Amino acid sequence: MKLNKLLSLAAVTSLAATMAMAGTSKMDFAKVFEKECQGCHGPIHQGGVGSDLRPKVLKKKSREFLAEVIMNGRKNTAMPAWNASFSKDDAAGMIDWLMDWKNTVELTLSLDEVKKSWAKLADIDKLAKKYPVADDGKVKYEGAEVKNVEDITFATERDASLVDFIDSTNGKVLSRHKAGFAVHVTVTNKANPRYAYSISRSGRLTMFDIGAPGQPALATVQVGQESRGLAVSPDGKYVIAGNYNPGGAVLCDADTLEPLKAYDTSRVIDPDGEIGPSRVAALTDTPYGPYFAMALKDAGHVYIIDYSKPNFPIVGDVPNIGKILHDAFLNEDEGKDFGRYFMIASQGSDVVGIVDFKEKNLAALVHTGPRSKPHPGQGSSWYSKGQNKQLHATQSMNFGDTVIWDSNWKVVKHVKTAGGGLFVGTSPHTPWIWADCVLGQPEHYNEVHLINKDTLEIDRIIKVGKHKGQLIDAKTKKVLQEWDATQHAPVAMNEVASKMSQEKLMPMPDHLGKAVKKPVQPRLLHAEPANHGAWTMISEWTTGRIGIYESETGKFIKYINNLTTPTFTYSVEHRQHVPGA
């Protein structure tokens, strides 16, 4: 079925389902589910980060239990309390809608339909000629905003549908681009770092020229209705984007964004032997060979694609990894094995699968603990002088546990933190791995724990309250630094048309809004090295700002304010050296 027709059909189905609901609630349940719930529970309600919400599962539970979960959330999970925006009637109506929901539309990924959405937004060659950038990333035109494109950090503003570009030497926001709902991942082209790419949860893939003034969007293509993963081949020739809906991935020309091949996953075998659709979760390139790894979230498989061969074939199929595959990262062992292993989290089986690019098989399973849900995010891989070996780490989503293992695939430590987290990050410039607690309870999700890479103990804790922030010695509880964490109301701005590209921009305010009278609890996530390792940036989801900290000491430096639900930051310089990032 054609993609544009599916969009119309989905809208009609949504309206019909909502109109059929009884009761006093005026909520559009289909629309609310798509915006607020689908990211965790899946487009066909099959679960993932969140629980399986299909009728056959829900009807085994009491309505009282379901209403309690909607209104008050679930402890140690990603499920928040909705009592601030849902009435009891809204919760009851949502339960009715979920229990009566029928998967009447199964989407199939079509290359022909994807190609119809491909659009050029600016003249790529003209911009490259007018604003030259050297192979090493240094800009060569007068009046450039940055000296080197590697000085740029990307940031995503989830609910504002924005991707931002920041000068990470001073924290100045250079530009903010409308790039689809909930921009999820941004990556850079390592072979030609002036080009960057973003994928939104709404399926929009966008290419930017970060070497030109204002970082204009160059091209866009709609790869699906809901998307997640993104990777660029190390030779700079190809970019691949993964879909939740329709299941599959689209491989494009990295110089133009022209779609070249679609990998449909609407009919695959899952771990229970059933045939059905699968979302595509993690996508990763590797310096180890001309490969992309593509994780089939619902099928428990990883495909290995060889982009050096005609028609970009799947040359490896690694099954039996586990249920509900999600994030992944690569090992950073020095020498010939650098980037050889694709470490993929299975959130339904409490394991991280180790996929070997050389042998194209499953080398091992790292067991992360009973009932754990590993979520490495960008993951951490580092050489520990104290342990005298290469180590790797993931977070656990549902309770505070950072799991560390070695390259023999043996768990060497469980580091207990204050709550479930989504991301661990590190770099050679910091003595720690930085672990967030963003899925913990409100009294702890404002913390980031700094775990010593040699002792594997928590040394320091960054804790940001409603009025002040603190850097705390984890052992003595001594406050090492305290700073003003006053929250400010966002400054309203209207979007404008770009003068260099056919796109919409959101100007950055030049002043702070008034201090917030009733501040919220900051929710910290995703620590990212920047400024050539000197800084680490931490997003504050609920306060609309990004905190900048010294990587070596953990001390606070300053805030980038006036943002909307900032989630991820991606430093070009840092990611140039991380395999698969």
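## Strand β24 and its sheet

In strand β24, Ala393 is the bridge partner of Ser380. The structure is a predicted model, in which local features need pLDDT of at least 70, side-chain atom pairs count only at pLDDT 80 or more, and totals for chains, interfaces and linings use all residues. Residues are numbered from 1 along each chain as its sequence is written, and side-chain values use heavy atoms, with hydrogens and water left out. Strands (E, at least two residues) and helices (H or I, at least four residues) are DSSP runs numbered from the N terminus; two strands pair if DSSP finds at least two bridges between them.

Strand β23 (residues 374-384) runs antiparallel to β24, and seven bridges join the two. Ser384 stands opposite Lys389 in β24. The hairpin of β23 and β24 has four residues between the strands, and there Asn388 takes a positive phi near 60°. On pairing with strand β25 (residues 401-406), β24 is again antiparallel, over four bridges. Ala393 has Ile404 of β25 as its bridge partner. Four residues also lie between β24 and β25, which form a hairpin.

These strands belong to an open sheet of four, ordered β23-β24-β25-β26, with antiparallel pairing. Because β23 and β26 (411-416) stand at the edges with a single partner strand each, one side of each is left without a neighbour in the sheet. Direction ignored, neighbouring strands of this sheet are turned by 20° against each other on average; the axes are lines fitted to C-alpha atoms, for helices over the stretch in contact, and angles run from 0 to 180 degrees between N-to-C directions. Strand β24 (residues 389-396) is mostly covered, with seven of its eight residues buried. Buried means under 20% relative accessible area, exposed over 50%, and partly exposed in between (1.4 Å probe, protein chains only).

Strand β10 (residues 238-245) pairs with β11 in the antiparallel sense over six bridges, and Val250 in β11 is the bridge partner of Ala241. The hairpin that β10 and β11 form has two residues between the strands.

Five bridges connect β11 to strand β12 (residues 259-264), also in the antiparallel sense. Cys252 has Pro259 in β12 as its bridge partner. Between β11 and β12, the hairpin has five residues, and Leu257 takes a positive phi near 75°.

## The five-stranded sheet

Another open sheet has five strands in the order β1-β8-β7-β6-β5, with antiparallel pairing. Its edges are β1 (119-120) and β5 (183-188), each with a single partner strand, so one side of each is left without a neighbour in the sheet. Two bridges hold the antiparallel pairing of β1 with strand β8 (residues 217-222). Lys120 stands opposite Ala219 in β8.

Helix α2 (residues 29-41) spans only 14 Å between its end C-alpha atoms, whereas a straight helix of 13 residues would span 18 Å at 1.5 Å a residue. The expected span is 1.5 Å times one less than the number of residues. A kink of about 50° in α2 is centred on Lys35, the bend at a residue being the angle between axes fitted to the seven residues ending there and the seven starting there. The buried residues of α2 include Phe29, Val32, Phe33 and Cys37. Just after α2, Gly42 takes a positive phi of about 95°.

In helix α4 (residues 63-72), Leu66, Val69, Ile70 and Met71 are buried. Among the elements covering them are α3 (55-58) and α5 (88-100). Gly73 follows α4 and has a positive phi, near 75°.

## The surroundings of Ser427

Ser427 lies in the loop between β27 (424-425) and β28 (432-436). With a relative accessible area of 5%, Ser427 is buried. Leaving aside residues up to four places away in sequence, Ser427 touches Lys453, Pro529 and His574, where contact means heavy atoms within 4.5 Å.

## Confidence of the model

The protein averages a pLDDT of 92, and 95% of the residues score at least 70; pLDDT is the predictor's confidence in each residue, from 0 to 100. Over residues 1-22, pLDDT stays under 50, and the model has 27 contacts beyond four places in sequence for this stretch.
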